[in-house]
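Colleague: I would like to go through this model with you, one question at a time. Please show it first.

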Amino acid sequence: MPAIPVREQRASVLLRAKIELFGGRVNQAAGRFWMHPNFPLAYREYLFQSHSIIRATVPLMQAGEQACRLPPHASDPALQTFGDYLRRHIPEETGHHEWILDDGEAMGIKRVAILDRLPRHTVTHLVGAQYYWLHHYSPIALAGYIAVMEGIPSTTEFYEDVARRNQLPPTAFTNFLYHARIDPRHRQEFDDMLDGLPLSKDQLGLIGLSAIRTMDYIAGILEDIVLEAEPSGGFSNGASP
């Protein structure tokens with residue numbers, strides 16, 4: 001069967017193919033993290049890193065929606081539709097950072113211990129890149145970030161197995177169990193939205209670049225957690241408050 005010309009392929013198919021092609025590093029890092037022999041310690045730090053990221057989700061999408069409505073983007077039909085998607089999606093993401101704090105409490109971590117910690121530079125790089133693109137280039141870059149963050153969901157059985165193997169309470173995984181249930185729907189809604197956008201070649205390229213950079217930053221975060229959970233490592237920023 002002959003290959004489908006690029007111009008006839010859906011944007012979501014092209015993006016997912018790029019994510020799969022460049023996702024080796026983050027997949028390897030995630031595998032090492034979830035199977036870490038000292039997982040309870042690594043997970044405590046992971047909860048902090050996750051909270052640092054997720055607390056920025058709604059403000060980031062709000063900034064993206066606003067940027068879509070302002071010159072020079074206000075006349076771009078692709079950005080207007082993307083802004084509409086962000087507006088609809090914001091309520092569904094509101095409050096999720098609180099669930100991370102709940103999970104931390106189930107691990108014996110006080111909420112204030114997470115809230116008062118200075119975010120690591122790796123997290124500020126991950127989120128900060130999106131702010132730069134949406135304010136100084138194009139808010140369509142945020143689509144690549146969302147595609148990665150919600151596009152590769154694990155199953156509830158996976159998280160239940162992790163809890164069981166490490167003798168941790170299921171209440172320490174409530175955020176991830178919830179996302180395991182809803183992210184497949186969110187991924188389909190996102191892909192349908194993306195396929196309906198009249199994207200230019202440059203916009204599609206930026207979305208792909210944003211996705212790749214997002215995976216690189218996430219891989220770096222996981223690699224740091226895995227390394228520092230080793231006996232010779234040691235968390236320098238209070239991983240075990």
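**Questions on a predicted model**

Colleague: Where does Gln 49 lie, and with which residues is Gln 49 in contact, leaving aside its neighbours within four places in sequence?

Modeller: Gln 49 is part of helix α3. Once the neighbours within four places in sequence are left aside, its contacts are Arg 120, Val 123, Ile 221 and Ile 225.

Colleague: Which residues of helix α2 are buried, and why are they on the same side of α2?

Modeller: Helix α2 runs over residues 24-34, and its buried residues are Val 26, Ala 29, Phe 33 and Trp 34. Because they cover an arc of only 125° around the axis, they are on the same side of α2.

Colleague: Against which helices do the buried residues of α2 pack?

Modeller: The residues in question are Val 26, Ala 29, Phe 33 and Trp 34. Their packing partners are α3 (39-54), α10 (156-165) and α12 (201-228).

Colleague: How many aromatic pairs does a search of the whole structure find, and what kind of pair do Trp 34 and Phe 176 form?

Modeller: The search of the whole structure gives 19 aromatic pairs. For Trp 34 and Phe 176, the distance is 6.4 Å centre to centre and the angle between the planes is 85°. An angle over 60 degrees counts as edge-to-face, so the pair of Trp 34 and Phe 176 is edge-to-face.

Colleague: How many residues apart in sequence are the parts that this pair ties together?

Modeller: Trp 34 belongs to helix α2, and Phe 176 belongs to helix α11 (residues 174-195). Both Trp 34 and Phe 176 are buried. The pair therefore ties together parts whose separation in sequence is 142 residues.

Colleague: Which residues form one aromatic cluster with Trp 34 and Phe 176?

Modeller: Trp 34 and Phe 176 are both members of the cluster.

Colleague: What is the volume of the largest pocket, and which residues lie nearest its centre?

Modeller: The largest pocket has a volume of about 940 Å³. Its lining has 36 residues. Of these, the ones nearest the centre are Tyr 46, Val 148, Met 149, Ile 152 and Ile 218.

Colleague: Which elements give two or more residues to the lining of the largest pocket?

Modeller: The elements that meet this condition are helices. They are α2, α3, α4 (57-69), α5 (77-93), α9 (142-149), α10, α11 and α12.

Colleague: Is Ile 146 buried or exposed?

Modeller: Ile 146 is in helix α9. Leaving aside neighbours within four places in sequence, its contacts include Met 61, Phe 82 and Phe 190. Its relative accessibility is 7%, so Ile 146 counts as buried.

Colleague: Where is Gln 167 found, and is Gln 167 buried or exposed?

Modeller: Gln 167 is in the loop between α10 and α11. Although Gln 167 is not a glycine, its phi is positive, about 55°. With a relative accessible area of 74%, Gln 167 is exposed.

Colleague: Which residues does a cis peptide bond join?

Modeller: Pro 72 is in the loop between α4 and α5. The bond in question has an omega of about 5°. The cis peptide bond joins Pro 71 and Pro 72.

Key. Residues numbered from 1 in each chain as written. Predicted model: local features only at pLDDT ≥ 70, side-chain atom pairs only at ≥ 80, totals over all residues. Heavy atoms only, no water. Buried < 20%, exposed > 50% of the residue type's maximum accessible area, 1.4 Å probe, protein only. Helix = DSSP H or I, 4+ residues; strand = E, 2+ residues; numbered from the N terminus. Arc of directions from axis to C-beta. Contact = heavy atoms within 4.5 Å. Phe/Tyr/Trp six-rings, centres within 6.5 Å; stacked < 30°, edge-to-face > 60°. 1 Å grid on protein atoms, 1.4 Å probe; cavity = no way out; pocket = protein on both sides within 12 Å on 5 of 7 lines; lining within 4 Å. Points joined across faces, edges and corners; volume = space filled by probe spheres on them.
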